[in-house]
Amino acid sequence: MAEIEIKGVGKTFRAFTALHSIDLTINDQEFVVLLGASGCGKTTLLRIIAGLEVPTTGEVWIGGRRVDRLPPRARGISMVFQNYAVFPHLTVFENIAFGLRMQRLPKPEVVRRVTRTAELMHIEQLLKRYSGQLSGGQRQRVAVARALAMEPDVILMDEPLSNLDALLRLEMRAELKGVLAASKTTTIYVTHDQVEAMSLADRIAVMHGGDIVQADRPVEVYRNPAARFVGSFIGNPPMNFLPARALGEGRWQVAGHDFVGPRSAAPQIEFAIRPEDLHPAEHGLVAEVRVVEPLGPHTLVTATVAGVMLRAVLESTLVVAPGDHLSLAPVADRIRWFDPETQKAIT
Ligand code: ATP
């Protein structure tokens, strides 16, 4: 059992607050991704869990044990970082065995674990090679194998795939997902890549400015962003936003159209819709097409609606050109609303 509890964790570097007060529980065997833009505090939070950084406030518990004052090696964790720290002068075997030898495990056990994890990561044929002679992708596999060989309760990963080229990234992503699910390890994974987050996570914790703004299943984060930031950060292209003026009785005017929305006392809120939830139909929002990008499976159209730029993902069979006018109707149950003051979703 390795549930991780982060309770009121804050971190201040001199006058700068990198983390406010983070509360997050990661269930045993869960795969949680910390997702956010550069500087939002993801790495700092991971380093605090790892024991490489001391929190200014709060507590970290792993498997029912308070660990925030314990050294990293006493926490039952393994780490994989972006710059994979594979020792070039050691063979692949010795790299994977490194932590096991430090623990003075019996030799047959070292051999068993190295062989097993090397097979898992498909590098069993490389065990005798020096790591300095490996490609980036192979080195990354060694780094993951080394972490898995420790049979830790918890694996922490910080952008482990970011040094790989796009194709290899895709391949390693699918592999990691399979391997980590099979290993039953609790995993925390840091990335700024939303596709990676969506594809890997049981739950995504979206971070912004030193806070977690939403922690939920990928489909929830995508469909029901708790804050405007989440809608604008997740999705490629991101959510569209239009101002909505109060007409009273829960009705709102958006680009000259009336919509039924939340009952809010605010004079103006924001209407939000994902680009794939806009479809050409009569009586829709009048959009003037600016850019047309045929992307194969669909066509991405950038257009202005009442002077606001938005994007729509449309059928690739649609014939459309810049300067055309389209009538784009939003799918009614996909419309979301945000409070411009608090930036939070209004439900
Ligand atoms: P990235 O994806 O760029 O690594 P991140 O979300 O992981 O970003 P952190 O590395 O956690 O961000 O940093 C959060 C903030 O804290 C940043 O503004 C960073 O400059 C600051 N910070 C991190 N470490 C220190 C430090 N040792 N001293 C001062 N400021 C720091």
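Helices (H or I, at least four residues) and strands (E, at least two) are DSSP runs, numbered from the N terminus. This is a predicted model: local features need pLDDT of at least 70, side-chain atom pairs count only at pLDDT 80 or more, and totals for chains, interfaces and linings use all residues. Residues are numbered from 1 along each chain as its sequence is written, and side-chain values use heavy atoms, without hydrogens and water.

**View 1. The shell around the ligand draws its largest share, three residues, from α1.** Both β2 (16-26) and α1 (42-50) supply at least two shell residues each. Residues surrounding the ligand (a heavy atom within 4 Å) include Phe13, Phe16, Lys42 and Thr43. A polar backbone atom of Gly39 lies 2.8 Å from a ligand oxygen. For Gly41, a polar backbone atom is 3.0 Å from a ligand oxygen. Thr44 brings a polar side-chain atom to 2.6 Å from a ligand oxygen. Alone, the ligand exposes 640 Å², of which the protein buries 59% (Shrake-Rupley method, 1.4 Å probe).

**View 2. Arg141 sits in helix α4 (residues 136-149).** Arg141 counts as buried because its relative accessibility is 8% (buried is under 20%, 1.4 Å probe, protein chains only). Its side chain makes a polar contact of 2.6 Å with that of Glu175 (N or O atoms within 3.5 Å, one able to donate a hydrogen and the other to accept it).

**View 3. Strand β15 (residues 278-294) pairs antiparallel with β16 (residues 298-305) over six bridges.** Strands pair if DSSP finds at least two bridges between them. Val291 has Thr302 of β16 as its bridge partner. Three residues separate the two strands of this hairpin, and Gly296 in the turn has a positive phi of about 100°.

Methods:
Buried < 20%, exposed > 50% of the residue type's maximum accessible area, 1.4 Å probe, protein only.
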